[in-house]
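This report describes selected features of one protein structure. Please consult the sequence and the model while reading.

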Amino acid sequence: MSEQAPREAMEFDVVIVGGGPSGLSAAIRLKQLSADISVCLVEKGSEIGAHILSGAVLEPRALNELLPDWQELGAPLNTPATVDRFLFLTEVAATRLPTPPQMNNHGNYIVSLGNVCRWLGQQAEALGVEIYPGFAAAEVLIEDGKVVGIATGDMGVGKDGQPTDNYARGMELRATYTLFAEGARGSLSKQLMARFNLRDGKDPQTYAIGIKELWEIPQENHQAGLIEHTTGWPLKGDTYGGSFLYHLGDNLISTGFVIGLDYKNPWLSPFEELQRYKTHPHVRKHFEGGRRIAYGARALNEGGLQSIPKLTFPGGALIGCSAGFVNVPKVKGTHTAMKSGMLAAEALAEALAGDRPAEPVAYEARLRESWVWEELSSVRNIRPAFAKFGFWGGMAYAGIDTYLLRGKAPWTFHHKYQDHETLMEADAAPRINYPKPDGVLTFDRNSSVFISNTNHEENQPAHLTLKDADVPVATNLKRFGGPEARFCPAGVYEFIGVEEGQPRLQINAQNCVHCKTCDIKDPTQNINWVTPEGGGGPNYPGGM
Ligand SMILES: Cc1cc2nc3c(=O)[nH]c(=O)nc-3n(C[C@H](O)[C@H](O)[C@H](O)COP(=O)(O)OP(=O)(O)OC[C@H]3O[C@@H](n4cnc5c(N)ncnc54)[C@H](O)[C@@H]3O)c2cc1C
Ligand code: SF4
């Protein structure tokens with residue numbers, strides 16, 4: 001683009017990137033500690049909650065600490081967990097397994113995390129936090145080696161990089177401290193980890209993709225509070241993953257499939273695994289007479305304690321899933337994300353009231369002393385044990401670690417590989433034939449993306465950028481069978497012209513649901529996900 005006008009700037013004590021549970025908890029805690037601290041929060045979704053996707057069973061521990069009177073304040077925690085079931089599936093049978101203690105949900109709530117975030121947003125605004133939804137933080141501002149805030153993306157730039165009639169220059173939001181709360185594989189957090197070497201000496205972060213559907217079912221089949229997890233079929237023993245199915249609210253089911261992105265077979269399609277799972281004789285009866293009403297997908301962290309990066313750098317810190325605090329055996333990361341935001345807020349409030357050190361190191365010290373660290377420490381070996389010993393070995397180890405060693409093993413298993421390094425070559429891997437969707441219980445990608453209400457301004461620069469335009473065909477297709485066409489849950493990547501012998505990759509960027517899987521799993525790391533124009537992406541309804 002020709003010479004750009006300077007950006008307007010606004011100054012705050014703290015800027016927060018991302019309006020998920022961690023960012024909103026940090027904002028609320030800062031204002032609780034001092035009404036004088038100026039706090040601004042930007043969210044790339046069209047509204048708070050629009051991009052939030054989670055199971056979601058909420059353990060209210062952090063919420064109890066943040067807003068002990070949440071019930072009086074009308075928090076949308078309306079479905080207490082009642083029944084926990086953990087099942088092992090074969091193709092035809094379902095066998096009940098003992099529910100591991102981490103998966104005991106007594107005292108927890110099945111929620112729409114999007115609605116919880118909408119409500120947290122209201123609490124934050126009532127305390128004086130300035131919230132700007134529809135604005136993507138596109139650039140980290142770094143001066144003299146210190147993060148001094150972020151810049152929101154320019155709006156109204158065309159595909160050709162030139163301003164359109166709707167052009168508006170981005171804003172600089174400057175702050176003494178900036179908190180990055182972008183969730184798993186945040187695009188700016190990724191840059192910060194590289195810029196400040198935050199991953200030095202840590203295990204690689206590992207991820208899973210979670211694909212979710214929301215169903216409305218007849219009242220007579222609904223059992224509010226029922227929580228069911230499965231493992232086994234349709235996955236093979238070398239692939240980590242399983243399903244969740246929660247009955248919540250008024251006749252709703254939240255169901256989904258989570259698959260570790262360290263999977264090896266390039267022919268595997270996480271989207272189709274979810275569709276297959278629903279056809280199991282035990283599972284399909286949950287959906288009888290029902291109707292699918294929403295769809296979405298999102299990556300989540302699975303690295304655990306060993307993969308937590310250094311949390312602070314001059315001018316700011318990473319909180320929530322931007323850093324990675326998911327407790328994998330518990331299948332929960334919301335409570336830890338919230339608590340990390342609160343601890344960062346406490347460290348920043350103290351720093352702002354004191355001598356304002358460039359790097360808010362007290363946050364990491366607080367986190368290491370908190371229940372988050374203790375909790376993640378006690379389960380740190382379980383997820384890597386599955387990568388090390390396979391499914392049955394992992395199950396056996398998990399039992400020993402939990403019941404005999406009680407999470408106090410004197411060793412730590414490490415993650416050896418990044419998820420993009422694990423794919424086999426396509427010729428060496430068994431093909432998987434997925435059944436065709438029936439349009440009633442099982443669906444295709446296009447009709448699924450349609451009910452994620454995803455929308456992007458079409459005339460804008462690509463947000464799925466390729467470092468080298470030749471690599472998708474020359475390497476990804478040739479060696480790995482074009483896995484992006486299968487791991488993307490939104491049908492964004494399509495290889496066309498294959499049969500004619502002139503293959504090329506078509507990128508349907510407007511379908512992107514911002515799950516970040518391509519940024520993680522692309523075997524050549526040729527795809528770089530950057531923020532599109534603010535307000536673009538999914539618009540998950542209340543209930544998701
Ligand atoms: C399928 C699935 C099921 C899960 N089930 C559970 C469960 O049952 N219980 C549980 O406790 N946890 C569960 N989790 C994990 C839980 O959802 C996360 O741990 C939690 O949401 C993390 O909160 P966060 O605030 O760190 O990030 P997120 O919730 O990801 O929020 C990040 C926010 O930042 C915004 N953002 C990102 N980048 C930018 C940017 N550059 N500019 C502006 N805005 C930006 C995003 O749009 C988003 O709104 C699940 C996750 C998945 C994917
Ligand atoms: S393009 Fe990438 S981030 Fe977007 S939906 Fe597909 S895999 Fe997810």
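The model is predicted: local features need pLDDT of at least 70, side-chain atom pairs count only at pLDDT 80 or more, and totals for chains, interfaces and linings use all residues. Residues are numbered from 1 along each chain as its sequence is written, and side-chain values use heavy atoms, with hydrogens and water left out.

Helices (H or I, at least four residues) and strands (E, at least two) are DSSP runs, numbered from the N terminus. Strand β17 (residues 252-260) is largely enclosed by the rest of the structure, because nine of its nine residues are buried (under 20% relative accessible area, 1.4 Å probe, protein chains only). In a regular strand, side chains alternate between the two faces of the sheet. On one side of β17 lie Leu252, Ser254, Gly256, Val258 and Gly260, and on the other Ile253, Thr255, Phe257 and Ile259, all buried.

Two strands pair if DSSP finds at least two bridges between them.

| Strand | Sense with β17 | Bridges |
|---|---|---|
| β14 (residues 207-216) | antiparallel | nine bridges |
| β16 (residues 241-248) | antiparallel | eight bridges |

Glu213 stands opposite Thr255, and Leu248 stands opposite Leu252.

His282 is found in helix α6 (residues 281-284). His282 counts as buried because its relative accessibility is 17%. Its side chain makes a polar contact of 3.1 Å with that of Glu228 (a pair of N or O atoms within 3.5 Å, one able to donate a hydrogen and the other to accept it; residues adjacent in sequence count only if both atoms are side-chain atoms).

Helices α1 (residues 21-33) and α7 (residues 334-353) pack at an angle of about 35°, with axes 7 Å apart. Axes are lines fitted to C-alpha atoms over the stretch in contact, and angles run from 0 to 180 degrees between N-to-C directions.

Definitions and conventions: Chains lettered and ligands numbered in written order. Buried < 20%, exposed > 50% of the residue type's maximum accessible area, 1.4 Å probe, protein only.
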